[in-house]
Amino acid sequence: MRLSADKRHPMLRPSHTPQNQASQTQAASSAQQLVCVLMPVYNERYRVRDAVAQVLAADWPAMFVRHLVIVDDGSTDGTRDILHELVATYPGQITLIEHDVNQGKGAAIRTAIRAAEGDFAVIQDADLEYDPHDCVDMLELLASGKADVVYGSRFASSPRRRVLYYWHSLGNRVLTTLCNMLADLNLTDMETCYKAFRLELLKSIPIRCARFGIEPELTMKVAKRDVTIYEVPVSYYGRTYAEGKKITAWDGVKAIATLLRFWIIDDLYTDEYGQAELHRLTTTHRYYRWMADALRPHVGQHVLEIGASLGSLMLRLLPREQYVAAEAESLPLRYLGNRFARHPHVEVRSLDPRVRDDFAACAGQFDTVIAVHHLEHMDDDRQALDNLRLTLADGGRALLVVPRGRWLFGSLDEVLGHRRRYEREELLALATATGFAVEKIVDFNRAGVPGWALNARLLKRQRFSRVQLKLYDSLVWLVRRIDRLLPWKGLSWIVVLRRQDATDAA
């Protein structure tokens with residue numbers, strides 16, 4: 001693979017991070033948004049020139065600035081020479097990358113994603129089957145903050161659609177139906193080539209399929225990531241096999257295998273810093289309900305949750321007069337903003353646990369701050385707890401969930417980014433040093449200790465077993481009833497702290 005031309009648009013830049021839902025919407029409406037159009041090309045000498053011209057000439061609102069990332073996937077029919085001419089014809093608007101040999105559509109898109117920068121990405125084939133004007137509705141949904149992914153459906157009352165192969169259409173519907181059953185979606189067109197994404201989301205998804213399996217692979221993965229997906233109707237100008245159509249019936253069989261593969265396998269994140277394992281843990285819904293029940297008696301009406309992740313806990317603590325879900329990373333911020341957009345009194349806020357000024361901006365505003373598996377990630381846990389205290393009014397409570405027992409520290413802690421596990425005496429000393437009175441410390445989830453010790457200490461595994469997590473979560477109804485009867489301490493501590501006012505301190 002080589003980059004034969006890299007004349008990038010001057011607006012190429014990292015995506016912005018919203019401070020909250022209101023500022024996200026304002027930024028989307030007032031600032032220009034950079035759209036990278038990802039175009040895989042293989043032997044399209046008779047169509048690629050018109051395809052590129054249509055993409056760059058499409059009548060899009062001024063807020064969307066486009067840049068075209070083309071990957072020539074080993075073309076042998078003269079397409080590459082035409083692409084070099086197009087780079088010269090449209091200076092600064094095209095990045096051209098060349099594969100030395102044909103690898104497949106999925107591989108070409110994977111290469112394009114690595115080169116893309118900006119806010120949004122649209123996959124656009126070079127076969128003239130889709131109209132670039134239809135991108136506007138897709139992009140406006142992304143820019144409004146309502147969607148993370150938008151599919152252009154050929155079957156959702158599209159304004160115009162060429163009448164072609166019945167069996168091909170039936171195959172698409174069969175694959176879409178199977179996908180909907182496995183992913184619990186209600187898509188009308190899973191196999192559409194027109195898909196638009198928030199670029200930061202797309203970059204975080206590993207793509208394993210080198211050919212047309214990328215369509216079911218992406219769909220299964222965005223469904224498992226619980227992102228917000230929309231569909232809009234698009235026109236479809238399909239072509240015949242005589243006109244160069246490349247997908248075959250065998251690709252349909254492989255698509256079924258791909259759907260089943262990624263239904264079984266959770267291969268959802270490209271990073272190696274524990275995000276995938278955190279996602280696995282947050283899908284244990286019964287476990288989070290158990291934790292929420294333990295915390296609920298201590299939760300007030302004005303709540304700040306640090307590291308809200310996918311909102312698994314807050315969903316079970318709502319409604320409240322005020323609930324602020326805080327995250328430092330842009331992906332969970334986007335997800336939380338979309339998921340809770342219609343929940344009254346919920347705000348999503350960017351807050352970095354390492355930056356004290358972020359906490360000073362909301363000093364004394366809350367009667368409850370919740371930090372589930374937060375302190376163990378901090379280099380300076382005393383400063384982190386002091387930051388939490390700053391957000392509380394006098395007498396307010398800090399509710400902590402932290403891992404228990406130094407002897408349990410193992411490979412899974414390292415994957416999750418834990419710096420430590422706590423003993424009771426450490427927590428008491430930490431609370432006293434930061435001006436908190438300890439109301440309660442209880443050990444939680446005794447039943448989880450044997451499994452953690454086996455996986456993290458004995459087997460030294462780097463990931464959680466999906467089967468183990470599902471089995472454990474399905475038995476939580478029993479576990480929570482017998483947990484106190486088990487003769488050892490829990491896997492975690494639940495700590496209830498109260499901020500002391502001046503009178504208490506005296």
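Start with the aromatic rings: searching the whole of this predicted model turns up six aromatic pairs.

Colour residues 285-295 and you have helix 11, which holds both Tyr287 and Trp290. The two sit three residues apart, or about one turn of that helix.

Now try a surface view around the pair. Tyr287 has a relative accessible area of 12%, so it counts as buried. Trp290 comes out at 8%, so it is buried as well. The cut-off behind both calls is 20% relative accessible area, and anything under that is buried.

Time for some charges over rings. Pick Trp60 and Arg66: the arginine lies over the face of Trp60, at 4.3 Å from the ring centre. Then jump to Phe155 and Arg173, where the charged end of Arg173 sits over the Phe155 ring, 4.3 Å from its centre.

Now for a pair of helices. Select residues 381-390 for helix 14 and residues 424-433 for helix 16. How do you describe two packed helices? You give the angle between their axes and the distance between the axes. For helix 14 and helix 16, the angle is about 55° and the axes are 9 Å apart. At that angle, helix 14 is oblique to helix 16. Turn the view and look at how they pass one another: the crossing is right-handed.

Show side chains to see who makes the contact. From helix 14 come Asp381, Arg382 and Leu385, while helix 16 brings Leu430, Ala431 and Ala433.

Finally, clear your selections and zoom out. The protein has 20 helices and 15 strands. Of its 506 residues, 55% are buried. And if you take the contacts with a separation of 6 or more, 79% of them are between residues 24 or more positions apart.

How values were computed: Residues numbered from 1 in each chain as written. Predicted model: local features only at pLDDT ≥ 70, side-chain atom pairs only at ≥ 80, totals over all residues. Heavy atoms only, no water. Phe/Tyr/Trp six-rings, centres within 6.5 Å; stacked < 30°, edge-to-face > 60°. Helix = DSSP H or I, 4+ residues; strand = E, 2+ residues; numbered from the N terminus. Buried < 20%, exposed > 50% of the residue type's maximum accessible area, 1.4 Å probe, protein only. Lys NZ or Arg CZ within 6 Å of the ring centre and 35° of its normal. Axes fitted to C-alpha atoms, helices over the stretch in contact; angles between N-to-C directions. Parallel < 35°, antiparallel > 145°, perpendicular 65-115°, else oblique. Left-handed = near helix turned anticlockwise from the far one by under 90°. Contact = heavy atoms within 4.5 Å.
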